Amino acid sequence: MVKRIVKKVSFYRMIMMAAFIIFSLFSISAQETVGKEAILEKIKQTDSYIRQIRGYLHERPELSAQEFETTRFLQEEVAKLGLPVTKVEGTGFYAVLDTRRPGKTIGLRTDIDALPIEENPSNLTQKKQWISKNEGVSHACGHDGHMAILLGSIKILNDLKDQLAGKIVFIFEEGEETNSGIGAMIEALRPLQIDAIYGNHLNSKLSTGELFIQEGPIMAGTGTIAFDVTGRGGHASRPDLSINPIFAAANILSGVSIAWNNQRDITKTLTLGITQVQGGETYNVIPNSVYIGGTIRFFDREEGKKGFVLLRKVAEDIARAHNCSVTFHDKMGVALDPVINDTALTAFTRDAVKEIYPDKVISGEQHIWYAAETFARYSELAPAVFLFVGIKNDDLGSGAEHHNDRFDLDEDALQYGVGAMVQFAVKYLKSYLV
């Protein structure tokens with residue numbers, strides 16, 4: 001009797017094991033069907049949706065940390081696909097596509113905020129297709145396109161979920177322009193143990209559909225310059241009875257520019273961008289203080305930190321020579337590291353994307369961007385790769401600088417952003433099955 005029971009248990013175990021093996025083999029073989037042609041066909045079917053999403057969001061831009069309607073709309077679109085949404089402190093959130101099959105976990109990210117720029121109804125050559133309806137606010141950096149790319153990718157990957165294994169985390173980050181949401185998002189994602197994170201940015205310097213994929217630093221780190229030069233105000237008729245901080249500030253700026261060329265490693269890129277000199281309210285009053293603001297950009301964090309040490313020393317020494325003092329604001333210093341693409345993940349991504357767009361993938365130092373991006377921080381969680389998607393089309397008039405009132409994009413570029421993202425996800429989850 002006992003032997004019979006043991007035999008039955010063993011038999012059932014064999015059946016279960018065989019079923020598991022067959023199921024696993026089916027899952028892996030099913031993945032083989034997600035090829036180039038299938039993805040390109042899905043993109044065609046989703047193209048009108050992607051354009052509609054971009055247009056809707058472009059007309060309704062919201063500033064950093066104020067993306068309330070944007071978030072509501074995005075969450076509704078995600079909910080239509082039956083994906084659970086997890087809210088993050090502020091307006092950010094993420095959603096997870098779980099295939100219910102063992103595999104790796106990847107993250108796909110978009111930003112969601114706009115800029116305080118009044119939009120010009122024309123781009124470089126003609127009237128724009130979509131115009132912001134929110135006065136003084138516009139998507140002048142392409143984040144509307146980023147959201148459309150991610151939503152389009154979600155639709156396609158959700159359709160393909162029965163042929164995939166692992167999990168995909170779709171990341172919607174608050175306030176990229178002001179860094180307001182990145183800290184909370186990073187902490188919210190830590191428990192998910194993501195294996196790789198992918199992001200993209202539309203780029204007005206690249207022609208429509210070009211895909212810049214390169215290892216190493218591709219976007220600059222940034223630091224904030226913010227300090228007051230304080231003297232003693234008084235009547236302009238007797239400058240000798242005052243301590244004029246304006247002359248001290250002027251000399252500080254001159255001294256810093258000279259030191260920048262003579263006291264630091266010129267082989268390492270470190271830009272000095274002074275953008276604010278504010279002091280005085282009227283012509284006959286010497287002010288008590290002058291504010292100096294700006295940014296520095298760098299591709300080497302240590303060099304960026306050295307730049308601030310030099311700036312502080314020059315400012316203090318020259319202010320002292322003028323009998324003035326300097327007060328540095330709390331925000332002065334390195335704010336974001338450079339975006340540095342993981343070498344192995346970038347090579348993998350380049351090979352994967354070349355399979356679907358063999359003539360669109362480019363690289364080269366000339367395409368490195370001096371703007372900064374909060375995407376840099378996702379490398380704290382996992383190997384990360386960040387792509388540029390070209391949107392420049394001279395015939396359509398797209399190609400104005402980012403953060404410019406004439407900024408516009410060629411919507412034909414969105415399909416390439418979706419294709420690269422979906423191809424990365426499919427190939428990664430297939431290649432790195434548990």
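At what angle do the axes of helix 4 and helix 9 cross? In this predicted model, local features need pLDDT of at least 70 and side-chain atom pairs count only at pLDDT 80 or more, whereas totals for chains, interfaces and linings use all residues. Residues are numbered from 1 along each chain as its sequence is written, and side-chain values use heavy atoms, with hydrogens and water left out.

The axes of helix 4 (residues 143-159) and helix 9 (residues 414-431) cross at roughly 45° and come within 9 Å. Axes are lines fitted to C-alpha atoms, for helices over the stretch in contact, and angles run from 0 to 180 degrees between N-to-C directions. Helices (H or I, at least four residues) and strands (E, at least two) are DSSP runs, numbered from the N terminus. Contact (heavy atoms within 4.5 Å) involves residues of helix 4 including Gly145, Ile149 and Ile156, and residues of helix 9 including Leu414, Gly417 and Met421.

Eight strands form an open sheet of mixed pairing, in the order 1-2-4-3-5-17-6-16; two strands pair if DSSP finds at least two bridges between them. Strand 3 (residues 105-111) pairs with strand 4 (residues 167-173) in the parallel sense over seven bridges, and Gly107 has Val169 of strand 4 as its bridge partner. Helix 5 (residues 182-189) lies across strand 2 (93-98) and strand 4, at about 165° to strand 4.

Pro217 is placed in strand 7 (residues 216-219) and touches Phe299, Val339, Ile340 and Ile368, not counting residues up to four places away in sequence.
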